[in-house]
Amino acid sequence: MKDLIKKHWDLITYLVFGVLTTVVNYLVYLPCYNWFGLGAAVSNAIAWVVAVAFAYLTNKPFVFKSHDWSAKTVIPELSKFVGSRVLSGALETVIIFVTVDLLSWNGNVMKLVTSVLVVILNYVASKLIVFKK
């Protein structure tokens, strides 16, 4: 069991911090959408900015074991991280806009559904592009 955990530690920690990032995302999205009356796509975009900042600050050291905080490392790494998240965030926002703002589906349910897709896409991008060894 110990060897299995060690072998898949990056995936396990990514899932833990992915859940925490999703919680942060929801803590911003839900009030924007449900209390402040912002559209689903706008609420999602605001939540995305906060969640991406949280994800980078946690994924870098804890998931992908990148501990060099010098500008020569952080600038390209952060650029790739945000760039990959822009693509998944844009996809999520388009899906939310079409299904919720245009088709009037439940915004809370669609946010949950799209979150699953985004977590998978972000893990693949982070593993293969941003924090590759």
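**Close-up views of a predicted helical model**

**View 1. The end of helix α2.** Helix α2 is followed by G37, which has a positive phi near 70°. The model shown here and in the other views is predicted. Helix α2 covers residues 9–35, 27 residues in total. At 1.5 Å a residue, α2 should span 39 Å. Its end C-alpha atoms lie 38 Å apart, so the span agrees with that expectation.

**View 2. Helix α3 falls short of a straight span.** α3 has 24 residues. A straight helix would reach 34 Å at 1.5 Å a residue, but the end C-alpha atoms of α3 are only 30 Å apart. K65 follows α3, and its phi is positive, near 55°.

**View 3. Packing of α4 against α5.** Helix α4 spans residues 71–102 and helix α5 spans residues 107–130. Their axes come within 9 Å and cross at roughly 155°. An angle over 145 counts as roughly antiparallel, so α4 is roughly antiparallel to α5. The crossing of these two helices is right-handed. Residues in the contact of α4 with α5 comprise 12 nonpolar, 8 polar and 5 charged.

**View 4. The buried residues of α4.** Which residues of α4 are buried? They are T73, V74, E77, F81, S84, R85, S88, G89, E92, I96, T99 and V100. The cover over these buried residues includes α2, α3 (40–63) and α5.

Conventions. Residues numbered from 1 in each chain as written. Predicted model: local features only at pLDDT ≥ 70, side-chain atom pairs only at ≥ 80, totals over all residues. Heavy atoms only, no water. Axes fitted to C-alpha atoms, helices over the stretch in contact; angles between N-to-C directions. Helix = DSSP H or I, 4+ residues; strand = E, 2+ residues; numbered from the N terminus. Parallel < 35°, antiparallel > 145°, perpendicular 65-115°, else oblique. Left-handed = near helix turned anticlockwise from the far one by under 90°. Nonpolar A, V, L, I, M, F, W, Y, C, P; charged D, E, K, R; others polar. Expected span 1.5 Å × (residues − 1). Buried < 20%, exposed > 50% of the residue type's maximum accessible area, 1.4 Å probe, protein only. Contact = heavy atoms within 4.5 Å.
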